[in-house]
Amino acid sequence: MNEPVVAADPAVLAGLDNYVNLPAAQQPIWPDQAAVSSARAELSKLPPLVFAGEVDILRTRLAAAAEGKAFLLQGGDCAETFADATADRIRNRVKTLLQMAVVLTYGASLPVIKMGRMAGQFAKPRSSNDETREGVTLPAYRGDAVNGYDFTTESRTANPQRLLSAYHTSASTLNLIRAFTQGGFADLRSVHEWNSGFTNNPANARYESLAKEIDRAIKFMAACGADFDALKTTEFYVSHEALLFDYERPMTRIDSRTGTPYDTSGHLVWIGERTRQLDGAHVDFMSRIRNPIGVKLGPSTSTDDVLALIDKLDPNREPGRLTFISRMGAPKIREALPRLVEAVRDAGAKPLWITDPMHGNGITTKNGYKSRRFDDVMDEVRGFFEVHRAAGTVPGGIHVELTGDDVAECLGGSEHIDEATLEERYESLCDPRLNHSQSLELAFLVAEALSNR
Ligand code: PEP
Ligand code: CO
């Protein structure tokens, strides 16, 4: 039987375009408007990347996390690039997230919601519109969906054809993620194999011994006749910062079951620290889509801002709808987060609170690299758990920039990455990411914090 098709209310459709009347921060300057219109028209005809039904399931999962019955693990590149959307690199990131999820699930006996900053993380907000090198000024790199990283006029000119490349690269990335997570690779009985191919280090060794314990437990259960269907595949969600209206608006479609709009570019989309203005275009647009929405909150966030964001984005206080991603910086979290958490708690709202221990901890090293100290990242995570424990609220997840590759971008960790090592293995075009072993180490710390939560 065909399901009934529910048409969109014309007022809902008009509302989706209301953002054009509002200030929109961080949009590229496209030199050719006709080319933008044709890219948008083409995007709007391409198939959705995710389905409304999956998005609805995710909302229920996030609602469980907000209650302390699950934990969100969200991670991936600061900026994905077209060149790095290769099978090997995507697999390494998925493996790293699966490994971290195992450490967390086993350590804390909690279901972990796995979510990539993947298959759409191609647009970046920048602190300046331009970049100057040796007297030459060109537009700043805004992510592969907008322009190229090479410092030439041609590459740095915003090109709307890149919006279509972002779509196609997201489609192939998501296809591989779905194959990995549904096709047997994510079977919990492969828990050892996810570690293969990574360099030897203390975090991997610790993972290996945990994998042995899990293996033993699974064999024991198998001998008892347990049925393992639930271990064979895993849910995996994708998310990105919804920055570019010329991408997100054409990807927003009306769900025929309900007549409501879903942004089909990703399961969860978030609003960045630089675009969360209460009367701005991003908050308005996101208030009108059904996806779970994240909002980054930096140290300057006021309690009024947070309460107004709840009223705009989640007026019905729907479980799983809203995730606050605090990114205060290690020295500030214990002072800046409590008042926000308490105000939200006292207003009776129950968003999911997660920590991004990366974006408040940026430093520039003496030899000129954008980096982060692993100890600061760990300290912000500890602070996040302390603040929630004191307020009686739920620390429900973690948002990290990571890669499965053996890069050296963040300082410290059990491999003791120092400034000189950055010169050898720094690959990020944007922010520094945790490498594979730093990611595992972080997962062990969070598992410990969670089991004492
Ligand atoms: C990011 O997540 O890469 C980012 C730019 O974060 P924020 O908006 O928190 O600065
Ligand atoms: Co970043």
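## Charges over rings

Select R156 and Y149: the charged end of R156 sits over the ring of Y149, 5.6 Å from the ring's centre. Here a charge counts as over a ring if NZ of Lys or CZ of Arg is within 6 Å of the ring centre and within 35 degrees of the ring normal. Now pick R206 and F444, where R206 lies over the face of F444 at 4.1 Å from the ring centre.

A quick word before moving on: this is a predicted model, in which local features need pLDDT of at least 70 and side-chain atom pairs count only at pLDDT 80 or more, while totals for chains, interfaces and linings use all residues. Residues are numbered from 1 along each chain as its sequence is written, chains are lettered from A and ligands numbered from 1 in the order in which they are written, and side-chain values use heavy atoms, with hydrogens and water left out.

## Around ligand 1

Which residues surround ligand 1? Select C78, R117, K124, P125, G272, E273, R274, K296, R327, H359 and E401, and you have the residues around ligand 1. A residue is near a molecule if one of its heavy atoms lies within 4 Å of it. Colour this shell by class and you will find 7 charged, 2 polar and 2 nonpolar residues. In this scheme Asp, Glu, Lys and Arg are charged; Ala, Val, Leu, Ile, Met, Phe, Trp, Tyr, Cys and Pro are nonpolar; the others, Gly among them, are polar.

- H359 has a polar side-chain atom 2.9 Å from an oxygen atom of ligand 1.
- E401 places a polar side-chain atom 3.1 Å from an oxygen atom of ligand 1.
- R274 has a side-chain N or O atom 3.3 Å from an oxygen atom of ligand 1.

Taken alone, ligand 1 exposes 300 Å², and the protein buries 97% of that. Such areas come from the Shrake-Rupley method with a 1.4 Å probe; for residues, only the protein chains shown count as cover.

For polar contacts, look for a pair of N or O atoms within 3.5 Å; within protein, one must be able to donate a hydrogen and the other to accept it, and residues adjacent in sequence count only if both atoms are side-chain atoms.

## Aromatic rings

How many aromatic pairs does the structure hold? There are 9. Rings of Phe, Tyr and Trp (its six-membered ring) pair if their centres lie within 6.5 Å; planes under 30 degrees apart are stacked, over 60 edge-to-face, and the rest tilted.

Select F245 and F285, an edge-to-face pair with 5.8 Å from centre to centre and 90 degrees between the planes. F245 belongs to helix α9 (residues 245-251) and F285 to helix α10 (residues 281-287), so this pair ties together parts that are 40 residues apart in sequence. Helices (H or I, at least four residues) and strands (E, at least two) are DSSP runs, numbered from the N terminus. Both F245 and F285 are buried, where buried means under 20% relative accessible area, exposed over 50%, and partly exposed in between (1.4 Å probe, protein chains only).

Then move to F384 and F385. Their ring centres are 5.7 Å apart and their planes at 85 degrees, so the pair is edge-to-face. F384 and F385 are both buried.

## A buried arginine

Find R372 in strand β13 (residues 370-372). Is R372 buried or exposed? R372 is buried, with a relative accessible area of 2%. A polar atom of the R372 side chain lies 2.9 Å from the backbone oxygen of M358, and the R372 side chain also makes a polar contact with the side chain of D431 (3.4 Å).

## Two positive phi angles

Most residues other than glycine have a negative phi. Select Q26, whose phi is near 65 degrees, in the loop between α1 (10-16) and α2. Q26 is buried, at 16% relative accessible area.

E134 also has a positive phi, of about 45 degrees, although it is not a glycine. E134 is in the loop between β3 (130-133) and β4 (136-139), and is exposed, with a relative accessible area of 84%.

## Last stop

Select S428, in the loop between α14 and α15 (436-451). S428 counts as buried at 13% relative accessibility.
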